[in-house]
Amino acid sequence: MSHRPSSGLAAVSTALLAMSRQMEVRDVLKTIVVSARELLDAEYAALGVPDDHGGFAQFVVDGISDEQWKAIGPLPRQHGILAAMLHKAEPERLADVRKDPRFEGWPAAHPEMSDFLGLPVRDGDETLGALFLANKRCPKPAGGCGFTADDEELLGILAQHAAIALTNARLYERSRELTIAEERSRLAHELHDAVSQKLFSLRLTAQAAAALVDRDPARAKGELQQVAALAAEAADELRAAVVELRPAALDEDGLVHTLRTQIQVLDRAHAAKVTFDSAGVRALPAAQEEALLRVAQEALHNALRHSGAERVDVALVRRGQGALLTVADDGRGFEPGAVRKAGRHLGLVSMRARAGGVGGKLTVTSAPGRGTTIEMEVPGG
């Protein structure tokens, strides 16, 4: 390559930098094709990414107008020289692709191509795609190919860097997909833990108000006012979940007051007796306070809705530099080992995830007919 002019080396450098700057797979493919066609002064260039069904998952071209591409029709299959490039590591340099015994023709709208240079884009033993150029813009020797050995060498260098850029783009897209999946999971937990709890309290309060309308209208009015307040809080919780904020009441009232208020609502709205006690709890890091609140809400929801408990006792006490939350009910209980399969009980899965996410520990103690006790300890900050 040392005999190439400096302007050629600059063009190579520009092409490689352009590929490395792209993060989306489609953009990387297009940059590779455009760079290859410009560097080797070809009329046409294309890069096909194979699928697992004998076709191409993506096929990017340069030198063909959108109208021509639409007229050509469906993406090509893995056949002829394209298939050969996908299954062997050597480049293909031909004086006239139409005279090669592997040539199987092309659609009527396809442009005429003669001299041809192509090679696979590989990452180790994996073939990522097939890159080819056609119709070198230069005088061609009689019966010869316009593409030279130097062109072949240059395209090989470009293909090596193309493999790196394409692999990086795929990793970036995979990382982004995982991030989106994690965010969806987080929002699912937020909505389940926060908004569903608030709506559950709202429903119970509304039922209590309906039962009191005839015999105690004044008290029913108070319960309806509480329904309005709970509805407003549910809307705040939904907004908080979407924008990754802490529960609205935590920022204004603190963990102890927020828990006390919510438990008072549940005690009024439900037949079971719900109590709350706290002692010596200091301010904790925001993430730990939110996790404690969410676990308390989930445990209360399970106890009041599923356990048939007559009494639920909630306690939050200082434990070293951290805190210990206990939610104990006298309900029907269950066998913890029978519900540890992921997905069967979103509540338990969510509580364990929240505790682990803030360096805490969750313990579930229960047995059929003996109630349930859930403890969550966090270390503090």
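1. In this predicted model, the side chain of threonine 258 makes a polar contact with the backbone oxygen of glycine 254 at 2.6 Å. Threonine 258 is part of helix H8, which spans residues 255–269. Its relative accessibility is 3%, and the residue therefore counts as buried, the cut-off being under 20%.

2. Helix H8 lies across strands E6 and E7 (311–319), and its direction makes about 165° with that of E6. Helix H9 also packs on the sheet, where it touches E6, E7, E8 (322–329), E9 and E10. The direction of H9 makes about 5° with that of E8.

3. The sheet itself is open and has 5 strands with mixed pairing, in the order E6-E7-E8-E10-E9. Strands E6 (273–279) and E9 (361–366) are at the edges; each has a single partner strand, so one side of each lacks a neighbour in the sheet. From one strand to the next, the twist averages 10°.

4. Strand E9 pairs with E10 (residues 372–378) in the antiparallel sense, over 6 bridges. Leucine 362 has methionine 376, in E10, as its bridge partner.

5. Beyond its neighbours within four places in sequence, leucine 292 is in contact with Leu255, Leu284, Leu316, Ala323, Leu325, Met376 and Val378.

Definitions and conventions: Residues numbered from 1 in each chain as written. Predicted model: local features only at pLDDT ≥ 70, side-chain atom pairs only at ≥ 80, totals over all residues. Heavy atoms only, no water. Contact = heavy atoms within 4.5 Å. Helix = DSSP H or I, 4+ residues; strand = E, 2+ residues; numbered from the N terminus. Buried < 20%, exposed > 50% of the residue type's maximum accessible area, 1.4 Å probe, protein only. Polar contact = N/O pair within 3.5 Å; in protein donor to acceptor, adjacent residues only side chain to side chain. Pairing = 2+ DSSP bridges. Axes fitted to C-alpha atoms, helices over the stretch in contact; angles between N-to-C directions.
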